[in-house]
Amino acid sequence: MTTLFLNTSTVPVVPLTTDPAFNFTASSTLGTAPLCTLCCCGVLNRTLVVVFMVSLAFAIVLGNVVTLTVFVQTRQSRTPQGYLKVSLAIADMMVGVLVVPFSVYTEVSLMITGVSPNWYQGSSSSPALSTATGGLVSPWQPCMLIGPVFAGCTFVSISTIFLMTVERSIAILRPLHKDALVTRRRTLLLILLSWTASFTLALAPLMFSRNFTLEYNECSRMCIYTPLLVGGQLPPDASILLLFPAFDFTLLGGTLAVNLVSFTSIRKYTKKRKLLSEGSVSEGSGQSNSGCSHRPSFSDIKAAKTIGILTFAFTASFSPIAVFVLGNVVGNTWCNFSFFAFWILTSNSCCNVIIYSVRDHRFRKGVTLLFQREQFPPHGEKSQSQA
């Protein structure tokens with residue numbers, strides 16, 4: 001979904017050869033200056049955008065390093081839910097280490113040199129080459145790595161949140177069977193499958209078609225998939241990009257449905273507990289059999305609510321992208337809106353540590369212990385120094 005935007009400018013495409021059967025990329029006219037957009041028109045706006053990107057990269061890396069350190073060094077966190085949180089943190093940190101810094105590098109390069117690099121939209125310094133079969137082969141450039149990494153990490157985040165939701169729903173609906181159904185081995189296997197499937201999907205347009213390349217888009221300021229035009233028309237297999245929104249909406253819809261079931265069960269259990277405390281119903285009455293057949297623990301209920309907040313935060317950050325794609329399908333470019341949509345989604349990579357800090361007491365305790373270990377040496381080292 002993060003790389004679905006079709007990079008089709010409204011300006012005409014200049015042929016790279018006199019052969020009328022030759023394919024062209026969906027990009028700007030050769031030699032045309034970069035598009036002046038709201039976010040990047042003028043030195044001041046560009047500087048503010050770079051400052052924002054640098055600050056965002058720092059926040060993403062710092063927050064997820066703290067998250068990983070807490071879950072690795074705290075023994076209580078080595079649970080199936082903890083492994084899923086580590087997977088989510090790794091995916092988020094890859095965005096802060098690779099994707100955002102690359103956008104910073106490209107923007108700074110444009111500000112200093114004024115020359116578009118070969119991965120910039122419409123750049124003529126590295127044109128696509130024709131093959132003997134009539135297709136196009138685009139030379140390798142950094143966007144060939146950065147674009148799939150961003151798409152893959154987004155897919156990993158969606159699938160991991162879905163797995164976390166399912167894990168918590170089992171703890172709520174079947175608390176006595178939780179340990180038997182949700183094991184560390186199964187969780188690690190599902191995490192491996194999640195990463196494999198996500199990055200396979202992210203690379204699908206390159207693996208199954210020769211009609212796509214990746215360019216740094218002048219609107220979103222990110223590396224995105226670009227279809228290679230055939231005689232001025234989209235390639236026949238351009239619909240392969242529909243796999244991205246299909247995957248995203250399916251998992252997000254499933255996550256919201258599972259959360260709805262879990263919170264309905266929590267609501268019934270809370271209502272039953274309130275009736276029991278008021279003495280309106282006895283423990284063995286028929287009403288007590290409604291809702292949860294067994295009582296979930298308070299920590300399981302709070303963890304389910306925390307994951308519900310994670311789901312809400314991701315859905316809120318993902319919604320602008322969904323609106324943008326729908327508008328793009330009906331022919332609206334929405335260049336300025338695409339910048340905000342893509343970077344709101346990117347900003348979600350630093351939100352999880354904030355949610356953990358507010359909602360997860362184990363995480364707060366782990367952070368406290370982490371800083372205490374740095375301030376105070378272990379007991380063994382202290383006794384040796386006293387001796």
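**Confidence and helix packing**

Mentor: This is a predicted model, so confidence comes before geometry. The chain has an average pLDDT of 77, and 74% of the residues score at least 70. Among the elements of the chain, the lowest mean pLDDT, 40, belongs to strand β1 (residues 23-25), and the highest, 95, to helix α5 (residues 184-202). Two stretches call for caution. Residues 286-292 stay under 50 in pLDDT, and the model gives them twelve contacts beyond four places in sequence. Residues 380-387 are also below 50, with one contact in the model beyond near neighbours in sequence. Where pLDDT is low, the predicted coordinates should not be read in detail.

Now the pair itself. Two packed helices are described by the angle between their axes and the distance between the axes. For helix α1 (residues 43-73) and helix α2 (residues 80-113), the angle is about 160° and the axes are 8 Å apart. An angle over 145 degrees counts as roughly antiparallel, so that is the relation of α1 and α2. The crossing of α1 past α2 is left-handed.

Helix α9 (residues 335-347) has 13 residues, so at 1.5 Å a residue it should span 18 Å; its end C-alpha atoms lie 19 Å apart, which agrees. Buried residues in α9 include F339, F342, W343 and L345. In the loop between β4 (212-216) and β5 (223-230) sits R221. Its phi is near 60°, a positive value in a residue other than glycine. Most residues other than glycine have a negative phi. R221 counts as buried because its relative accessibility is 0%.

Methods
Residues are numbered from 1 along each chain as its sequence is written. This is a predicted model: local features need pLDDT of at least 70, side-chain atom pairs count only at pLDDT 80 or more; totals for chains, interfaces and linings use all residues. Side-chain values use heavy atoms; hydrogens and water are left out. Helices (H or I, at least four residues) and strands (E, at least two) are DSSP runs, numbered from the N terminus. The expected span of a helix is 1.5 Å times one less than its number of residues. Buried means under 20% relative accessible area, exposed over 50%, partly exposed in between (1.4 Å probe, protein chains only). pLDDT is the predictor's confidence in each residue, from 0 to 100. Contact means heavy atoms within 4.5 Å. Axes are lines fitted to C-alpha atoms, for helices over the stretch in contact, and angles run from 0 to 180 degrees between N-to-C directions. Angles under 35 degrees count as roughly parallel, over 145 as roughly antiparallel, 65 to 115 as roughly perpendicular and the rest as oblique. A crossing is left-handed if the near helix is turned anticlockwise from the far one by less than a right angle, and right-handed if clockwise.
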